Amino acid sequence: MRTVTRLAGFAVGLAAVFSATYGIGRAVDRTPVVEGRHEGAAHSATEESDGAADRLPGGLLVSDRGYTLDPVDAQADEFAFRITGPDGQPVTRYDVAHDKQMHLIVARRDLSGFRHVHPDLATDGTWRVATPLAGPGQWRAFADFTPTGGDPLTLGVDVTIPGALTERPLPAPATSTTVDGYTVTLTGTPQPGRTSPLTLSISRNGQPVTDLEPYLGAYGHLVALRRGDLAYLHVHPDGTPGDGRTQPGPAVTFLAEVPSVGSYRLYLDFRHGGAVHTAEFTVSTGTPPADAPPTGSNPSGPAPTGGADHGTPGHGHN
Ligand SMILES: [Cu+2]
């Protein structure tokens, strides 16, 4: 209805069938399962992969490798969910990664409103956290976890909070931003299909910050979401506190793998002065390597057959 979304149109269309109020997300099986080849296979031949190579980016599936993100009814000021395992039962044992058993990231579909929180686990496998979703809109909730005995997973589910909303355009790409009195600058451009260093440097009042405090086992925690489908990207810090080479600022370096050309929103969480701050950037990827000669091979006739199917999802599979 109304002016909500062109951008998120098709995805939000799916979400709109949820008669969702906050905390109700039972219709998750409406989310399309894009591929089923990992179905029921908690361990597969891909297990030594870190998940980036032959799999979808994280966060696009509500169910993967037998694990399903299942929002449950909650109080109005809470968000609650379970992860069910291959046996259909709620998972109650998780490995710690980045200091926590569960990382819950939420963002509005227009990429505003990012929050990264850590729910509490009840003995029955229910995770609860106080009101991470701030205001009306189409939200995406990502559960980033490692079930004990399984592979790391990021599952995602849409959650709708009814009410009048204002769509916020994605801010233009920039290499500097401010948050809570800090200035954060970004160096580096992610290159599709390869690992690219991204360095974020933090200063305050013109002075480099050299006493960052560890947060989640690092001097910063970076999440990247792709515009258009909110694919969730793992961005690994390059170095950890106490490894003998990683300094507590002002620069924090990450190794980013982006799966495609496009625009991404980066969210850097860092801790300083006893508080966690979140700096946000829009970045556009570099263009693919121009290995092919741009001229000299174009025949004067019409384009060769089979090469002009730009922009049509779903082509190419027989
Ligand atoms: Cu976390």
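**View 1. The side chain of Thr246 and its polar contacts.** In this predicted model, the side chain of Thr246 reaches the backbone nitrogen of Thr240 at 3.4 Å, and a polar contact of 2.7 Å joins the side chains of Thr246 and Asp243. A polar contact is a pair of N or O atoms within 3.5 Å, where, within protein, one atom must be able to donate a hydrogen and the other to accept it, and residues adjacent in sequence count only if both atoms are side-chain atoms. Thr246 lies in the loop between β16 (232–237) and β17 (251–257); strands (E, at least two residues) and helices (H or I, at least four) are DSSP runs, numbered from the N terminus. Thr246 is buried, with a relative accessible area of 17%, where buried means under 20%, exposed over 50% and partly exposed in between, computed with a 1.4 Å probe on protein chains only. Leaving aside its neighbours within four places in sequence, Thr246 is in contact (heavy atoms within 4.5 Å) with Tyr219, Asp238, Gly239 and Thr240.

Residues are numbered from 1 along each chain as its sequence is written, and side-chain values use heavy atoms, with hydrogens and water left out. Local features need pLDDT of at least 70 and side-chain atom pairs count only at pLDDT 80 or more, whereas totals for chains, interfaces and linings use all residues.

View 2. The copper ion is coordinated by His103 through ND1 and by His116 and His118 through NE2, at 1.8 to 2.0 Å. Donors are N, O and S atoms within 2.8 Å of the metal (3.2 Å for Na, K and Ca), and the site may look incomplete because water is not among the atoms. Along the chain, the donors follow the spacing H-x12-H-x1-H. His103 lies in strand β5 (residues 102–108) and His118 in the loop between β6 (115–117) and β7 (120–121), so this pair ties together parts that are 15 residues apart in sequence. His103 is buried, with a relative accessible area of 3%.

View 3. A search of the whole structure finds seven aromatic pairs, counted when the centres of Phe, Tyr or Trp rings (for Trp, the six-membered ring) lie within 6.5 Å, with planes under 30 degrees apart called stacked, over 60 edge-to-face and the rest tilted. The rings of Phe79 and Phe81 have their centres 5.8 Å apart and their planes at 35°, so this pair is tilted, and both residues are buried. Tyr94 and Phe145 form an edge-to-face pair, 5.8 Å centre to centre with 80° between the planes. Tyr94 lies in strand β4 (residues 94–95) and Phe145 in strand β9 (residues 137–147), so the pair ties together parts that are 51 residues apart in sequence. Ring pairs link Phe79, Phe81, Tyr94, Trp127 and Phe145 into a cluster.

**View 4. Strand β10 and its partner β9.** Nine of the nine residues of strand β10 (residues 153–161) are buried, so the strand is largely enclosed by the rest of the structure. Leu153, Leu155, Val157, Val159 and Ile161 point one way from β10, while Thr154, Gly156, Asp158 and Thr160 point the other way. β9 and β10 pair in the antiparallel sense over nine bridges, where pairing requires that DSSP finds at least two bridges between two strands. The bridge partner of Trp139 in β10 is Val159. The hairpin of these strands has five residues between them, and Gly149 takes a positive phi near 90° there.
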